[in-house]
Amino acid sequence: MGSLDGKTALVFGVANDHSISWGIAQALAREGAKLGFSYAGPNLEKRVRPLAESLGATFVEQCDVGSDAEVAQVFARAKEAFGTFDILVHGIAFASREDLAGRFVDTSREGFLLAHNISVYSLVALTRAALPLFPAGGGAVLTLTYYGAEKVVPKYNVMGVAKASLEATMRYLASDLGPQGVRVNAVSAGPIRTLAASGISGFRDYQRSFAGAAPLRRNVTIEDVGNAAAFLCSDAARAITGEVVYVDSGYNIMGMQTAEES
Ligand code: NAP
């Protein structure tokens with residue numbers, strides 16, 4: 001018996017089998033959830049559909065979260081397909097490559113707004129659209145953040161600022177929606193090599209330094225994040241909302257990097 005038997009989840013943010021959302025989708029499926037997937041643009045369908053089908057999912061719909069019309073459309077289709085669903089996974093972020101290098105002070109207005117629109121406002125838009133489709137007892141929303149929200153991580157720049165906003169957004173949503181039984185949480189994952197991460201200059205060095213300094217002395221995997229996500233989306237976490245849960249080998253507790261770091 002799985003912890004998510006009888007639940008349905010809609011997963012945003014699978015680009016390929018390295019995506020953190022793919023690790024989450026696999027864990028949700030293992031725990032018994034029925035899945036639907038949404039991908040960003042037409043060129044992703046050929047990658048996402050076979051992955052979705054490998055987990056028995058037939059709901060695979062395009063949605064650029066920068067478009068109100070596409071958001072409305074994907075939830076209208078979810079209503080037709082599922083009636084209601086229980087879990088919303090938001091694994092989406094985007095910033096221009098030029099804003100993930102150099103100095104934060106040089107971030108353009110356009111780059112700042114783009115990062116916040118796609119990486120942060122999308123959580124508000126998707127959660128609001130999901131609300132009428134959550135069952136009367138409530139639902140679970142999960143987003144993905146990173147330590148660069150709290151401390152300066154070189155080159156993470158505008159995405160760090162967007163993640164700070166995302167974490168605050170998650171808390172405000174949790175406060176708004178708690179009375180109707182909707183829980184909203186975030187997993188703060190350690191650095192994982194994905195498509196999005198490849199846009200961050202010096203990412204390889206991040207991972208090396210991270211694994212040396214983290215108490216568990218290892219990088220994290222999409223399976224590690226998936227397992228925590230499955231817990232947070234299950235009834236076992238029914239009293240947890242508005243939290244950032246770290247899946248980072250303990251990196252965030254350290255006040256100073258250790259000798260092994262170099
Ligand atoms: P990923 O596989 O590249 O996933 C990012 C997803 O966001 C992609 O599916 C991407 O689609 C989608 N996306 C971008 N713009 C979109 C839009 N306008 N509409 C809809 N979807 C859009 O990378 P990931 O690392 O798994 O990222 C997932 C989440 O984890 C992000 O929030 C990221 O910040 C967070 N995170 C990552 C790490 C890490 O080290 N990798 C650590 C902590 C947190 P396209 O490929 O089409 O753009």
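**Entry 1: terms and ground rules**

Before counting anything, I wrote down the classes: Ala, Val, Leu, Ile, Met, Phe, Trp, Tyr, Cys and Pro count as nonpolar, Asp, Glu, Lys and Arg as charged, and the others, Gly among them, as polar. I am looking at a predicted model, where local features need pLDDT of at least 70 and side-chain atom pairs count only at pLDDT 80 or more, while totals for chains, interfaces and linings use all residues. Residues are numbered from 1 along each chain as its sequence is written, and side-chain values use heavy atoms, with hydrogens and water left out.

**Entry 2: the largest pocket**

I started with empty space. Rolling a probe the size of a water molecule over the atoms shows where such space is left. A pocket here is an open set of points on a 1 Å grid over the protein atoms alone, where a 1.4 Å probe fits, with protein on both sides within 12 Å along at least five of seven lines; lining residues have an atom within 4 Å of a point. Grid points are joined across faces, edges and corners, and a volume is the space filled by probe spheres set on the points.

Which residues lie nearest the centre of the largest pocket? I found G91, I92, A93, F94 and A196 there, out of a lining of 43 residues. The elements that give two or more residues to this lining are α1 (20-30), β2 (34-39), β5 (139-145), α5 (157-177) and α6 (203-213). For these labels, helices (H or I, at least four residues) and strands (E, at least two) are DSSP runs, numbered from the N terminus. I noted a volume of about 1,100 Å³ for the largest pocket. Its lining divides into 28 nonpolar, twelve polar and three charged residues.

**Entry 3: the second largest pocket**

Next I looked up the second largest pocket, which holds about 210 Å³ of space. Among the residues that line it are Y146, Y147, K151, P191, Y206, F210 and Q257. By class, I have nine nonpolar, two polar and one charged.

**Entry 4: strand β1**

How many residues of strand β1 (residues 8-12) are buried? Five of the five are, so β1 is largely enclosed by the rest of the structure. Buried means under 20% relative accessible area, exposed over 50%, and partly exposed in between (1.4 Å probe, protein chains only). I checked both faces of β1: T8, L10 and F12 are buried on one side, and A9 and V11 on the other.

Then I looked for its partners; two strands pair if DSSP finds at least two bridges between them. β1 runs parallel to β2, joined by five bridges, and parallel to strand β4 (residues 87-90), joined by four. L10 has G36 as its bridge partner in β2 and L88 in β4.

**Entry 5: strand β2**

In β2, five of the six residues are buried, so this strand too is largely enclosed by the rest of the structure. F37 of β2 stands opposite V11, and its bridge partner in β3 is V60. Four bridges join β2 to strand β3 (residues 59-62), and the two run parallel. From β2 the chain crosses through helix α2 (residues 45-54) to β3, a right-handed β-α-β crossover. Right-handed means that, with the strands pointing away from the viewer, the path from the first strand over the helix to the second runs clockwise. I also found that β1, α1 and β2 make a right-handed β-α-β unit.

**Entry 6: the nonpolar core**

A nonpolar core is a set of buried Ala, Val, Leu, Ile, Met, Phe, Trp, Tyr and Cys residues joined through side-chain atoms within 4.5 Å. The largest one has 48 residues, and those with the most contacts inside it are L10, F12, F75, F85, L88, L126 and V184. The elements that give two or more residues to it are β1, α3 (68-82), α4 (109-130), α5, β6 (182-189) and α6. Which element gives the most? That is α5, with eight residues.

I looked at α6 separately: eight of its eleven residues are buried, including F203, Y206 and F210.

N157, in helix α5, has a phi near 45°, a positive value in a residue other than glycine. N157 is buried, with a relative accessible area of 12%. S249 has a positive phi as well, near 55°, and is found in the segment after β7 (244-247). Is S249 buried or exposed? At 8% relative accessibility, S249 counts as buried.
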